Amino acid sequence: VYYNYKYCCQGSQQFGLQCGFNCVVNGWSNWGTCSEPCYSGIKYRQRYVSRLNSYGGAACPAQTDSTSCNTHKTGCKINGNCYTSNYIDKQNCMYCDNSVSTRNKWQPQSGASCDDGKSCTRNDICKSGTCVGTSYSCKSCEYCDGSGCLVSSGKCQIQGQCYSNGDINPNSPQCQYCSTPVTYDTQGWSTGLGSSTK
């Protein structure tokens, strides 16, 4: 209790001169959520006044407190999602740079392996934010699988030439033919029955 005889209690001695009331605050609340979920931020807590000071009593202390949080995190926050530092989005050839000026947007990446989504390219690599592959071509009896050429179903690729299943070897008197009963990458002739009709 604060006694202020000069300003608030003059002529009021009969009431005990109890004039000043200090501010009263309640306890601190729990800490709030960190302002940044992906890297260092700030969190707050509060306390509320249950009685204001009056008649010269002690003023209210601070009602808001803050402290650092997530100081162990060093990632990026991009489009509302958290990514660890140097995380690479290989599909788009972008990466997380957790520098203060860049940690909220993707940065172009170079050198990482990627997938350009094209079947007839291989050795795909990121170049300045773009996935670039080396083009290659296959024979008419083959198809691209993203790393090389595979013989198509029902076809043979023998000594650089394409044949369909059942085709006779044009360069042999034996009844050799293209046969793919189990696999479709046959590189040699199968032995036939009987004699060639050619």
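Let me start with cysteine 156, whose bridge partner in strand 15 is tyrosine 163. Strand 14 (residues 155-158) and strand 15 (residues 161-164) run antiparallel and are joined by 4 bridges, where two strands pair if DSSP finds at least two bridges between them, and where strands are DSSP runs of E with at least two residues, numbered from the N terminus. These two strands form a hairpin with 2 residues between them, and glutamine 159 in the turn has a positive phi of about 50 degrees.

A word on the source: this is a predicted model, in which local features need pLDDT of at least 70 and side-chain atom pairs count only at pLDDT 80 or more, while totals for chains, interfaces and linings use all residues. Residues are numbered from 1 along each chain as its sequence is written, and side-chain values use heavy atoms, with hydrogens and water left out.

Now to the aromatic rings. Rings of Phe, Tyr and Trp (its six-membered ring) pair if their centres lie within 6.5 Å, and planes under 30 degrees apart count as stacked, over 60 as edge-to-face and the rest as tilted. The count by this rule is 4 aromatic pairs. One of them is tilted, with tyrosine 83 and tryptophan 106 lying 4.8 Å centre to centre and 55 degrees between the planes. Tyrosine 83 belongs to strand 6 (residues 81-83), whereas tryptophan 106, 23 residues apart from it, lies in the loop between strand 8 (94-95) and strand 9 (107-108). Ring pairs also link Tyr83, Tyr87 and Trp106 into a cluster.
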